[in-house]
Every structure is written in structure tokens, then in C-alpha cells.
Amino acid sequence: MKGVTRRQFLRSSSLGLGLGLAGGLAGCAASMKGDFAPKSGRRVVVIGGGWGGATAARYVRMADPSIEVYLIEPNKEFVSCPFSNLVLSGLRTIESLTQPYDGLRRRGVKFIHESVTAIEPDAKRVRVGEGYLAYDRLVVSPGIDFQWEQIEGLPAVKDTVLHAWKAGPQTVELARQIQAMPDGGNFVLTVPPVAYRCPPGPYERICQVAWYLKTNKPKSKVIVLDANQNIVSKTALFRAAWQAYPNIDYRASNKVTGIDTSTREVRTDFDKVKYDVLNLIPPQRAGAIAVQADLVGADKRWCEVDHVTYESAKQKGIHVVGDATIGLPVPKSGNVANNMGKAAALSIVSLLNGQTVPIMPPGNTCYSWVSDREAIAVVNAYKIENGKVVQIEQKLTPAQSASVAQRAEGWRQSIWADMLS
Ligand SMILES: Cc1cc2nc3c(=O)[nH]c(=O)nc-3n(C[C@H](O)[C@H](O)[C@H](O)COP(=O)(O)OP(=O)(O)OC[C@H]3O[C@@H](n4cnc5c(N)ncnc54)[C@H](O)[C@@H]3O)c2cc1C
């Protein structure tokens, strides 16, 4: 420590800790120039600290602590989309869905709270700020982004029209607007065409808002403009749940084609619908970085991957997990993203250690809250056959119940721990 006084050292090291250097390079964008963290051993870089990415980072560290793991995620805390529809009905706060990344830091995961701006597969590095970070294997789990251009008038107003399809400030703002809406007002929700994040999510949201309005604003309506021909998941169970909500006006095959915020109207092929509060969930594709890095397939929307290792069909050494993948036959769910994160992590560790890659078929359990205390669920089991994920069976709960809601709570606690502890 030549030339550095004890006081200077303590000051700089405590500053370093404050910036998150103990767990990475958080908040240091200005210092990210050139190769800002030269690689000295084997390294996995993960893009995105959501359901897929956080799980992958955790499992690589658990399976082989000698592998260095960097997780690059702009948000300083994890916010869960599952259960976020309950924020709209006032049954939960966004704070109760927000978790720190401390558990992953304790496992030695190094954080960079920035966005990756480019992937350079040939050089095996990602661009962050003005610098780059090298990897041996890359996990890409950026979730979804929106196809704003598919709805006329939307690109110009996209910052003011709420999707609330990424839990956070938009969820809180939508809840506020619903609470402020006068009794007798129309809440309009638009469902995008498949494939989109969380097939049952919009229908759970309809239940939660309808429950809130029935309880607090009995003259108000929930008008649903669904681009699909029918409820796309748990159809009969949602239909049964909606019996309790005469305030739902459900219109199938009503794809939104345009919006005019000055007249507070959305357009479909047949109709114009006035709204007091609008929740427009646009059509979706893989997160922008996956599109930009040309990891998406011919549809220019979703990434094709190997069903065992989750390695990209287009780029060697890059594994894509979560909603950004084509998904089928698995749904775009947090549960599946978590399963994919584990399988990709253990494949990567095996590949880096010259071992046989384990075969880990995914599974999916998805709960939907249909009132303040009851839920429904679907369970899907899969196998891997000839290198492809194939569904074995699907089971639905016989009816909505408070005990299914209790199981949903248990699922939430255990899967959060499986990602973040
Ligand atoms: C209302 C709602 C309810 C839901 N309910 C359920 C449920 O009950 N059960 C269930 O299983 N699933 C549910 N889901 C689906 C679930 O949230 C998603 O399937 C899951 O989040 C997908 O995980 P992911 O890792 O692909 O994406 P995400 O969890 O969205 O994580 C992506 C992360 O990548 C980061 N990122 C993006 N681009 C970059 C970049 N360039 N550089 C660095 N970081 C980047 C983002 O900031 C984000 O944190 C629900 C979704 C919604 C919207």
C-alpha cells in the first residue's frame, strides 16, 4: 500500500463497498472502459437477473464455486411478476414482491447493475458502457420486449400507456389509476395474441380487477378485448370464476389495432372502445438484446435453443433461457424460466468440466388468483424425447379454492428461495 495512507485506504475501500465492489462493479459505469475485469479463470456471464438469469447464476456457483459468475442486470432489486396482479386489487404491495440480491452475492455472484448493449460472440464478450467483459459461456435471459409498432398510434404514446407486464413502477401506477377511477368508469384490458409472457396472466388480472371493482366501485366495468379466440389457459376454470363477476364484459377475437389517447379510445377491426383506465398489453417478442444479437429465429421474435443445454441454435457458447425462448410446448412462465436456468447452469458446468450433460426435463405449476382468497392451478409434466421437450400430461385443479391459494403461497416462497437465496 505504498503511497496510500491508512485513512485514504479506509475511505476508498468503504466507498468501494458502497458501490457494491464486494459483490461486483455496481454503479461504476464511468470506469467500465476496455476489458474492465480481465478474466483469470473460467467465467460465466449472465444477462438478466430475473427468473431465468438469477437461477442460472445461483446454480453455476452452487455446482462449481471455482467458476466466476457475473450477473449483469440494471435493476438493483428483484421484483416478481408472479403475484403482481394482486397489487392491482390492493391485496399486496409491490414492496412485498421485491427482494434484494444479497443471497446471490453471498454465493459469490458478482453484480454489474447496468444493461448489456451488445453481444460479440466471436470475441466471446459482452459490451457494457464503454467497456467489455469476456466470458467462456454466456447465459441470456432478458425476458420480453414489446412490438409497439403493431398497434397504430402506440409508438408515440408508449411511455404513457400502461402495460404493467414487467412488475415495477407501471404496476403501482396502474393500481393507483384503478383506485382513482370514478365509480361507473370503464377499465379496458387488452390481451395480445399468443405467444406472450404468462398465458393465464391477463385472465388472473381480469379476476383481480373485477374483484376490486365489484367490492369498491360496483357501477364500473372491466371490458376485455382479447386478440385470441378464447381464454388461452385454464379456460373452464376462469369461466367458472367469472360467474361471480357480472361486471366483466369479455370480447374474444377483438384484436386491438389502434389507439387514440386524445379521445381515450382503442380500436379493433370492428369497433371503437372508450376507456377511463386502459391497460394495453402489447404483442411481444424476446428481450431487445436477444433480437439485436440475432439470437431469434426466422419469426424474428423468439430464440430457438437446444432443449437439453439451452444453447442457442444460432450461436455456440451462448445459452438462452426464460421467456425469450420459443418455449413451446412449455409456457412462458417464471416456473419454466427457473427450470431452464437450472438446466442451462448444470449443462454449462458439465461442459466446462468435460462431464456428461444431465438431462433435466422442465416442469410447470402455475397458480392464478381468482378472488381475494381463492386460486386455481395447472400442472404440466414433460419428458425429453429425441432431444425435444414433449408434454406427458396436464392436470388442472377441479375447482377454485382457498387451499390452492395456500399452495400458491408455498410455491412462491420456495421458488424465490431457489432463485435468490
Ligand atoms: C402479471 C404477471 C403474472 C405472472 N404470474 C406468473 C405466475 O404466477 N407463475 C409463473 O410461473 N409465471 C408468472 N409470470 C411469468 C413470469 O414473470 C415470467 O415468465 C418470468 O419473469 C420470465 O423470466 P425471464 O428470466 O425470462 O425474464 P424476467 O424475469 O423478466 O427477467 C429478465 C431480466 O433481464 C433484464 N434485462 C433485459 N435486458 C437486459 C440487458 N440488455 N442487460 C442486462 N439485463 C437485461 C431485465 O431488467 C429483467 O430483470 C407472470 C407474469 C406477469 C406479467
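Predicted model: local features only at pLDDT ≥ 70, side-chain atom pairs only at ≥ 80, totals over all residues.
The chain divides into domain 1 (21–145 + 285–360) and domain 2 (148–282). Both domains supply residues to the shell around the ligand, at least three from each.

**Two domains and their contact**

- The centres of domain 1 and domain 2, taken over C-alpha atoms, lie 30 Å apart.
- Where the domains touch, 19 residues come from domain 1 and 18 residues from domain 2.
- On the domain 1 side of this contact, α3 gives the most, with four residues.
- Sorted by class, that side of domain 1 holds 10 nonpolar, seven polar and two charged residues.

**Around the ligand**

- The ligand is surrounded by 36 residues.
- The closest of these are Gly48, Gly50, Cys81, Gly143 and Gly322.
- Three elements, α2 (51–63), α10 (334–352) and β21 (363–369), each provide at least two residues of the shell.
- By class, the shell is made up of 15 nonpolar, 17 polar and four charged residues.

**Helix α6, one face in and one face out**

- Helix α6 covers residues 169–180, which makes 12 residues.
- From the first C-alpha of α6 to the last is 16 Å, close to the 16 Å expected at 1.5 Å a residue.
- Which residues of α6 are buried? They are Thr171, Leu174, Ala175 and Ile178.
- Looking down the axis of α6, these buried residues fall within an arc of 100°, so they line one face of the helix.
- The face turned away from the buried side carries Pro169, Arg176 and Ala180, which are exposed.
- What do the buried residues of α6 pack against? Their partners are α3 (85–88), β12 (186–191), α7 (201–216) and β18 (277–280).

**Helix α7, largely enclosed**

- One of the packing partners of α6 is α7 (201–216), and 13 of the 16 residues of α7 are buried, so this helix is largely enclosed by the rest of the structure.
- The length of α7 agrees with expectation, because 16 residues at 1.5 Å a residue should span 22 Å and the end C-alpha atoms are 22 Å apart.

**Backbone features worth a look**

- Val194 and Ala195 are joined by a cis peptide bond, with omega at about 0°.
- Ala195 sits in the loop between β12 and α7.
- Ala164, in the loop between α5 (154–157) and α6, has a phi near 50°, which is a positive value in a residue other than glycine.
- Is Ala164 buried or exposed? Ala164 counts as buried, because 24 C-beta neighbours lie inside 10 Å and the cut-off for buried is 20 or more.
- Ser253 also has a positive phi, near 50°, and is likewise a residue other than glycine.
- The place of Ser253 is the loop between β14 (248–251) and β15 (256–260).
- With 13 C-beta neighbours inside 10 Å, Ser253 counts as partly exposed.

- Ser312 lies in the loop between α9 (288–292) and β20 (318–320).
- Ser312 is buried, because 25 other C-beta atoms lie within 10 Å.
- Leaving out residues up to four places away in sequence, Ser312 touches Leu295, Cys303, Val305, Ile318, His319 and Val320.
- Ser312 and Gly287 are 25 residues apart in sequence, and their C-alpha atoms are 15 Å apart in space.
- Thr309 is also placed in the loop between α9 and β20.
- Thr309 is buried too, with 20 other C-beta atoms within 10 Å.
- What does Thr309 touch, not counting residues up to four places away in sequence? Its contacts are His319, Ala344, Ser347 and Val357.
- Along the chain, Thr309 and Lys342 are 33 residues apart, and 9.9 Å separates their C-alpha atoms.

Definitions and conventions:
Residues numbered from 1 in each chain as written. Expected span 1.5 Å × (residues − 1). Buried ≥ 20, exposed ≤ 12 C-beta atoms within 10 Å, placed from the backbone. Arc of directions from axis to C-beta. Contact = placed C-beta atoms within 7 Å. Near = placed C-beta within 6 Å. Nonpolar A, V, L, I, M, F, W, Y, C, P; charged D, E, K, R; others polar. Domains from an automatic or database assignment.
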